[in-house]
Amino acid sequence: MTAAPSNRWVSPAWAVAATVTVMATVLAAGRLGPPGTMLVAGPLGALVVLLVARGSGLGADDVGLGRGSLRRGAAYGLGCVAAVAVVYLVAARLPVTRSAFLDERYRLDPGAAVRTAFLVIPLGTVLFEEVSFRGVLWGLVRRERGAAPATLVSSALFGLWHVLPSLRLHRVNPAVAGLVGPGPAGPFLAVGGAVLVTAVAGVLFGELRRRSGSLLAPLGLHWAVNGLGVLVTAGTARWS
């Protein structure tokens, strides 16, 4: 990732379109492919969008991978992991929030929970999403329009990205089911809520990316929310 803007051979519009196309392709592969598809499609997709970024003239700093920002990004990321760990451990013990950690998808034995948290989620989810949304897409829009539009665009698409994964959310998570109710509107409310929540999370990830200058900051927070969530959920189910 060392190409200068003068070496650009892909126009900004085509680069954005190509990035979104790769994202859609990876999403479809993950939904339609056999189990474990994202362990290959995620890293491969991340590499492809980075090549698109290089072709559009973005450098390492533009996509959050510059050496100069790694230490700051790591500090932000580790701080986020620690903060999420404290919040999850407290919430899992409080009766009012405990039901949020009874998600049927993550009633896993300890070995499966560890594999999911430290292998499946980092390689199959976090890597591709952060490189695509807060790395390449954010960098492309920021170069043309500025940081605020970059965060808004990437966050809106990040919310829409979670439509398919949230289709069964009202069935597998008691907390969500209690919020949306049993009526026919429940699935739509669950999906709409998931899109809104993840779009807001995208704004936070984007701000971390802007402040730290590094992808390590949103990577840390993203993994903590998902990976620690799996570990705490598995532990809560085991000891319920």
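## An exposed and a buried ring

Phe118 is exposed, at a relative accessible area of 51%. Trp223 is buried, at 16%. (Buried means under 20% relative accessible area, exposed over 50%, partly exposed in between, with a 1.4 Å probe and protein chains only.) This is a predicted model: local features need pLDDT of at least 70, side-chain atom pairs count only at pLDDT 80 or more, and totals for chains, interfaces and linings use all residues. Residues are numbered from 1 along each chain as its sequence is written, and side-chain values use heavy atoms, leaving out hydrogens and water.

## Aromatic pairs

The structure holds five aromatic pairs. Rings of Phe, Tyr and Trp (its six-membered ring) pair if their centres lie within 6.5 Å; planes under 30 degrees apart count as stacked, over 60 as edge-to-face and the rest as tilted. One of the pairs joins Phe118 and Trp223. This pair is tilted, with 5.5 Å centre to centre and 40 degrees between the planes. Phe118 lies in helix α5 (residues 110–145) and Trp223 in helix α10 (residues 216–239), 105 residues apart. Helices here are DSSP runs (H or I, at least four residues), numbered from the N terminus.

Phe158 and Phe205 have ring centres 6.0 Å apart and planes at 70 degrees, so they pair edge-to-face. Phe158 belongs to helix α6 (residues 147–161), Phe205 to helix α9 (residues 186–212), and 47 residues separate them. Phe158 is buried at 2% relative accessible area. Phe205 is buried too, at 5%.

## A cluster and a charge

Phe158 and Phe205 share one aromatic cluster with Phe128, Phe133 and Trp161. The charged end of Arg134 sits over the ring of Phe158, 4.2 Å from its centre. (That requires NZ of Lys or CZ of Arg within 6 Å of the ring centre and within 35 degrees of the ring normal.)

## Helix α2

Helix α2 has 19 residues, and its end C-alpha atoms are 27 Å apart. Just after α2, Gly57 takes a positive phi of about 95 degrees.

## Confidence

The mean pLDDT of the chain is 88; pLDDT is the predictor's confidence in each residue, from 0 to 100. In all, 85% of residues reach 70 or more. Confidence is highest in α2 (residues 37–55), at a mean of 97, and lowest in α8 (residues 174–180), at 55. Over residues 1–5 the pLDDT is below 50. Where pLDDT is low, the predicted coordinates should not be read in detail.

Conventions. Helix = DSSP H or I, 4+ residues; strand = E, 2+ residues; numbered from the N terminus. Contact = heavy atoms within 4.5 Å. Expected span 1.5 Å × (residues − 1).
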